[in-house]
Amino acid sequence: MPPGPRPARTAAGLRLVQKVSATRAFAKLAPHVVPALDRAVHRLTRGKVLLSGKMLPGLVLTTRGAKSGLPRRTPLACVPDEEGGGWVLIGSNFGRPGHPAWTANLIAHPEASISRRGADIPVRARLLTGEERAAAWEAALAFWPPYAAYQSRVDREIRLFRLERRPRRRTT
């Protein structure tokens with residue numbers, strides 16, 4: 001396919017998706033639809049595909065519940081951390097008032113795992129604060145501008161986490 005027309009359509013399509021995802025209507029509907037579709041596609045493709053990953057890089061986070069201790073699987077968009085080889089997760093909750101449950105799970109149990117492109121990867125999460133958070137937030141806004149709209153709708157500071165690979169545990 002010739003390189004000319006496709007990038008313009010792709011850029012226009014991306015701008016449209018960003019505009020729609022910044023709306024309050026999307027914030028009401030998306031939490032009920034997007035994760036369910038992502039879970040189904042992820043399961044059907046044996047962890048190789050996330051539907052929302054067609055717009056943003058994504059992963060499935062497995063944590064232990066903060067209260068229950070039970071495994072919790074959550075499909076999430078992520079910002080790849082090019083320098084550190086990890087990922088940054090943004091607890092935007094689509095611009096809804098409360099923090100998403102997965103953020104409390106990571107605070108209570110920072111050792112977790114992710115499924116990304118068919119691979120299971122053990123990770124350790126760290127809640128970002130101060131200058132490190134500010135730099136990650138700027139990178140997240142450059143990566144996905146609708147995060148600014150999400151933050152403007154809520155009184156809470158959106159939580160950001162850095163996920164870093166940890167060694168796999170040996171079973172003997």
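First thing I looked up: is Glu132 buried, partly exposed or exposed? Glu132 turns out to be partly exposed, with a relative accessible area of 32%. For my own reference, buried is under 20% relative accessible area, exposed is over 50%, and partly exposed is in between, with a 1.4 Å probe and protein chains only.

**Ground rules.** This is a predicted model, where local features need pLDDT of at least 70 and side-chain atom pairs count only at pLDDT 80 or more, while totals for chains, interfaces and linings use all residues. Residues are numbered from 1 along each chain as its sequence is written, and side-chain values use heavy atoms, with hydrogens and water left out.

**Overview.** I get 5 helices and 7 strands for the protein. Helices are DSSP runs of H or I with at least four residues, strands are runs of E with at least two, and both are numbered from the N terminus. The order from the N terminus reads α-α-β-β-β-β-α-β-β-α-α-β. Of the 172 residues, 39% count as buried. I also checked contacts (heavy atoms within 4.5 Å): among those between residues at least 6 apart in sequence, 66% join residues at least 24 apart.

**Salt bridges.** The rule I used: a side-chain nitrogen of Lys or Arg within 4 Å of a carboxyl oxygen of Asp or Glu. That gives 7 salt bridges. Three of them went into the notes.

- Glu164 and Arg126 meet at 3.2 Å, N to O. Glu164 sits in strand 7 (residues 159-165) and Arg126 in strand 6 (residues 119-127), so this pair ties together parts 38 residues apart in sequence. Both ends are partly exposed: Glu164 has a relative accessible area of 35%, and Arg126 has 32%.
- Arg162 and Glu132 meet at 3.3 Å, N to O. The pair links distant parts of the chain, with Arg162 in strand 7 and Glu132 in helix 4 (residues 130-143), 30 residues apart. Arg162 counts as buried at 13% relative accessibility.
- Glu157 and Arg133 have their closest N and O atoms 3.5 Å apart. Glu157 is in the loop between helix 5 (146-152) and strand 7, and Arg133 is in helix 4, so the pair ties together parts 24 residues apart in sequence. Glu157 counts as exposed at 54% relative accessibility, whereas Arg133 is buried at 8%.

Which residues are linked in a network of salt bridges? I noted Asp81, Arg126, Glu132, Arg162 and Glu164.

**Strand pairing.** Two strands pair if DSSP finds at least two bridges between them. Strand 5 (residues 111-116) and strand 6 run antiparallel and are joined by 6 bridges. Within that pairing, I found Ile114 partnered with Ile121 of strand 6. The hairpin of strand 5 and strand 6 has 2 residues between the strands, and Arg117 takes a positive phi near 55° there.

Strand 6 also pairs with strand 7, again antiparallel, over 5 bridges. I marked Leu127 as standing opposite Phe161 in strand 7.
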